[in-house]
Amino acid sequence: MPKRKKHPRLPNGFGQIRYLGKNRRNPYGVYPPAKEEYDNGQKKPPRALCYVNDWMIGFAVLTAYRAGTYTSGMESDLSELNVKESSSELIQRILADYNQNRNKEKTEENSITFAELYQKYFHWKFEGKRVYSQASIDSSKAGFKNCSSIHDKKLSEITYEMTQEILDKSPLKHSSLELICQCLKQAFRYAVAQGYIERNPTELLKINIEDDDEHGTPFTNEDLKILWKYQKEEISQLLLIMCYSGFRVGELKVIEVDLKENCFRGGLKTRTSKERIVPIHSAIVPIVKKRIKKDGCLMQMSYNDLRSSLAQYLAGIGIDRHTSHDCRHTFSKLCEEFEVKENDRKRMLGHKFNDVTNSIYGHRDLEHLRLEIEKIKV
């Protein structure tokens, strides 16, 4: 059985001609370059421009597509012109012309500045069909504003060292550095996907300071008594769950609630936080069960709704101003007060161990952790 003829490898960004099998009248699928992405960054497979009976016809279609002259049905006209009899020299000449034009396009694309790139990226992400919150839009703009040192630099001039220097020299807090880092990584990932650059200078970008977002003021014992007094109200319930588990408010929507084992699993931010298991303290088991039975989840309201109503709610029941993150500090304080083992407190808070002994060889099962968390008395 004769082997199929090998054809020249097409350049990156040219498109694809796929052989789909011999039992087809038109066995070659002609596909344009993939440009759209899923949320995880993978390319969406593009729909075929057409199906043809000869590779050379497909090549001519892609060439016309790249030149902006392709029209639906052109492949039928090309078949009549017997394109398959074109010589290999024609293929090489067309490819050479393409590469020359593509190099010219790249030179023009690389001449755009980071500020111009960000405008294209912003339009693509925030002005499409998907609706983003105003907080997400403002966060992106804040991240862009704080990397002004590269606003006017051409994409071809921007290096990893430049982007890392922005983070290392910034006096801002960790939370603001996260916005800068996110903005840079997403904008340059967009640049690569669009073919403006071939190499992403932000792949190794990282924040080199400790996360300083953990500062806060714990609820006092008197405050906790008031929250227990109003435990039938939704906000008090949410605060109590966080005070006796150590979870962040955002984690209430993502953690797994296992009522058979009476524990929470999961978290956000770091690997150790995402992998943690926290026993449900016996005092909050009834509250957790009620919330699951009523809403099917721990937290039905949005984070923004809770944040906007929290100060007024606390003032109304006689508690000084607190943030939801203060619940995490309250849990840490309770662990200290009731002499929960330090390593177990770190495990339940999802904190990373800095020593090899605990980070690699430290293992505690659920029942051991339950004995520790039940030391906390209400």
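Me: Which helix do the buried residues of helix 6 pack against?
Reply: In this predicted model, helix 6 spans residues 160-169, and its buried residues are Thr163, Gln164, Ile166 and Leu167. These buried residues pack against helix 7 (174-193).

Me: Which exposed residues does helix 6 carry on the face turned away from its buried side?
Reply: The buried side holds Thr163, Gln164, Ile166 and Leu167. The face turned away from that side carries the exposed residues Glu161 and Lys169.

Me: How far from Cys183 is the nearest cysteine sulfur?
Reply: A disulfide needs two cysteine sulfur atoms within 2.5 Å, and the count of disulfides is zero. Cys183 is in no disulfide; the nearest cysteine sulfur belongs to Cys147, at 4.9 Å.

Me: Is Cys183 buried or exposed?
Reply: Buried means under 20% relative accessible area. Cys183 has a relative accessible area of 3%, so Cys183 is buried.

Me: In what order do the three strands of the open sheet lie?
Reply: The edge strands are strand 4 (256-258) and strand 6 (277-279), each pairing on one side only. Strand 5 (residues 263-265) runs antiparallel to strand 6 and is joined to it by three bridges. The order is 4-5-6.

Key
Residues numbered from 1 in each chain as written. Predicted model: local features only at pLDDT ≥ 70, side-chain atom pairs only at ≥ 80, totals over all residues. Heavy atoms only, no water. Buried < 20%, exposed > 50% of the residue type's maximum accessible area, 1.4 Å probe, protein only. Helix = DSSP H or I, 4+ residues; strand = E, 2+ residues; numbered from the N terminus. Contact = heavy atoms within 4.5 Å. Pairing = 2+ DSSP bridges.
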